[in-house]
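Me: I would like to go through this model and ask, for each label, what lies behind it.

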Amino acid sequence: MGVHAFRMQLKPGKLAEYRAAHDAIWPELVDLLRDAGISDYSIYHDADSNALFATLTLADESKRDALPQHPVMKRWWDAMAPLMETNPDNSPREWPLARVFHLA
């Protein structure tokens, strides 16, 4: 189990659409993420760079590895592709962030 942090890049002018999509997140996607052991998932927006910063807690790394092949995940990525920078398979481009400080 561990906390993962990463950055993604939103396309210009797409914050309202991105926020609306997440405000109406599909229940089947929520179930899929929870079944993969993901909890405490937050995404933050930096207005200056239009970057998205995400943190999540992952119970089991191996369960997360299966997500890219799941049809619900693929549909979500297809829906998000017009809003953010993506890889050729429409998965969001992610840049890992290393923790440099933690106060428990």
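Predicted model: local features only at pLDDT ≥ 70, side-chain atom pairs only at ≥ 80, totals over all residues.

Me: Why is Thr-57 called buried?

Reply: The term buried is kept for residues under 20% relative accessible area, and Thr-57, which lies in strand β3 (residues 51-58), has a relative accessible area of 13%, so it is buried. Leaving aside residues up to four places away in sequence, Thr-57 touches Met-1, Gly-2, Val-3, Gly-37, Ile-38, Ser-39 and Asp-40.

Me: What makes Glu-61 partly exposed?

Reply: Partly exposed covers the range between the buried limit of under 20% and the exposed limit of over 50%, and because the relative accessible area of Glu-61 is 39%, this residue falls in that range.

Me: What makes β2 and β3 paired strands?

Reply: Two strands pair if at least two bridges are found between them, and strand β2 (residues 38-46) and β3 have seven bridges, in the antiparallel sense, so they are paired. Within this pair, Ile-43 stands opposite Ala-54, and Asp-46 stands opposite Ala-51. The two strands form a hairpin with four residues between them, and in its turn Asn-50 has a positive phi of about 65°.

Me: Why are β2 and β4 said to stand at the edges?

Reply: The open sheet consists of four strands in the order β2-β3-β1-β4, with antiparallel pairing. Because β2 and β4 each have a single partner strand, one side of each is left without a neighbour in the sheet, and they therefore stand at the edges.

Me: How do you know that the buried residues of α4 line one face?

Reply: Helix α4 (residues 71-80) has Val-72, Met-73, Trp-76, Trp-77 and Met-80 as its buried residues. Seen down the axis of α4, these fall within an arc of 135°, so they line one face of the helix. An α-helix has 3.6 residues a turn, so residues three or four places apart point the same way. Among the elements that cover the buried residues of α4 are α1 (15-23) and α2 (27-35).

Me: What makes α2 a helix with a buried face?

Reply: In α2, Leu-29, Leu-32 and Leu-33 are buried. Their directions, seen down the axis of α2, fall within an arc of 95°, so these residues line one face. Pro-27, Arg-34 and Asp-35, which are exposed, sit on the face of α2 turned away from its buried side, while the cover over the buried residues of α2 includes β2 and α4. After α2 comes Gly-37, whose phi is positive, near 85°.

Note on methods
Residues numbered from 1 in each chain as written. Heavy atoms only, no water. Buried < 20%, exposed > 50% of the residue type's maximum accessible area, 1.4 Å probe, protein only. Contact = heavy atoms within 4.5 Å. Arc of directions from axis to C-beta.
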